[in-house]
Amino acid sequence: MPRTGTLSLKHALEQLGFAKCHHMVELLQNPGEIPGFVQAAAGGQVEWDSLYAGYRAGVDWPTGFFWRQLVDYYPQAKVILSRRDPAAWFASFSSTVLADMRSPPPVDGPGLELRLALEPLARAIARGVFDDKLDDSGHILQVYEEHNRRVQEIVPAERLLVFDPAQGWGPLCDFLDLPVPATDYPHANTTENFQEMTAHLRGE
C-alpha cells in the first residue's frame, strides 16, 4: 500500500540491483505508461511483460493494486509486504494520497492533462480497494489491515517478506540473499515531499 515507505523501498531495490523499480512516480514522469494501467484496471487484456518492460521490480500503486494478478503471473517472483503502524499509516495516507483521491480534477493549469489521464485509474482504485468509501476512516483502516492479512494468507511464506522500513537493510538483504550496502537505508518521500511532488495535479 502507498505511504508504507514505498519510494524509499524503490530506491533501496534499485541500489541493490533491481533497476528500474516501478512506482507511481513513474506514471507522473512517463505519462505514456498510463493507458496500459488504465486498461488493466478496467479488466482489459493485459500483457504484463510489456507493461513492465524495462522494470525489474514494482512497488506502490498501481503495482500494488494488481498484486494478486502479478503474484500469479510471476510465480518465481519474491513479494515484499511493506507495512507500518496502522495509525501512523492512516495519518500519512489521509493527508497525501487520500486527500488527492478526494479532490476533484483541476479545471485548468499545467497538471490538468496528466490528472485527467490518471483519473480512470484513481477511480478504479477508489472503487476496487476502498468500495468508494473515501470518507469513512474506519473502513479505510479496516481495508489496510485486511490487505495485509490477505497478502500473508495467500502468498507462500517462502516467497514473502513482511517489511517495516524502520528495519533497514538487514531483513531486505537477507530475503534477497544480497550483501548489506555500506550506505544508510534510503529515506524518501515525506508527507511534505509528496505534497510538493503532486501539487501540479491539484492545479496548485
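At 68% relative accessibility, D177 counts as exposed (over 50% relative accessible area, against under 20% for buried and partly exposed in between, with a 1.4 Å probe and protein chains only). Phi of D177 is near 55°, a positive value in a residue other than glycine. D177 lies in the loop between α10 (169-176) and α11 (191-197), where helices (H or I, at least four residues) and strands (E, at least two) are DSSP runs numbered from the N terminus. The model is predicted, and local features need pLDDT of at least 70, side-chain atom pairs count only at pLDDT 80 or more, and totals for chains, interfaces and linings use all residues. Residues are numbered from 1 along each chain as its sequence is written, and side-chain values use heavy atoms, with hydrogens and water left out.

A positive phi, of about 65°, also occurs at R3, which is not a glycine. R3 is placed in the segment before α1 and, at 8% relative accessibility, counts as buried. Most residues other than glycine have a negative phi, and most peptide bonds are trans. The peptide bond from A19 to K20 is cis, with omega near -5°; K20 is found in the loop between α1 (6-15) and β1 (21-22). The bond from W61 to P62 is likewise cis, with omega near 5°, and P62 is situated in the loop between β2 (57-58) and α5 (67-73).

Helix α3 (residues 34-41) packs with helix α8 (residues 112-130) at an angle of about 25°, their axes being 9 Å apart. Axes are lines fitted to C-alpha atoms, for helices over the stretch in contact, and angles run from 0 to 180 degrees between N-to-C directions. The angle makes α3 roughly parallel to α8 (under 35 degrees; over 145 is roughly antiparallel, 65 to 115 roughly perpendicular and the rest oblique). On the α3 side, I34, F37, V38 and A41 are in contact (heavy atoms within 4.5 Å) with L114, A117, L118, P120, L121 and A124 of α8. The residues of this contact divide into 10 nonpolar (Ala, Val, Leu, Ile, Met, Phe, Trp, Tyr, Cys and Pro), no polar (the others, Gly among them) and no charged (Asp, Glu, Lys and Arg).

Helix α8 also contains V129, which counts as buried at 16% relative accessibility. Residues up to four places away in sequence not counted, V129 touches M1, W61, F65, A124 and V143. The C-alpha atoms of V129 and Y144, 15 residues apart along the chain, are separated by 9.2 Å.
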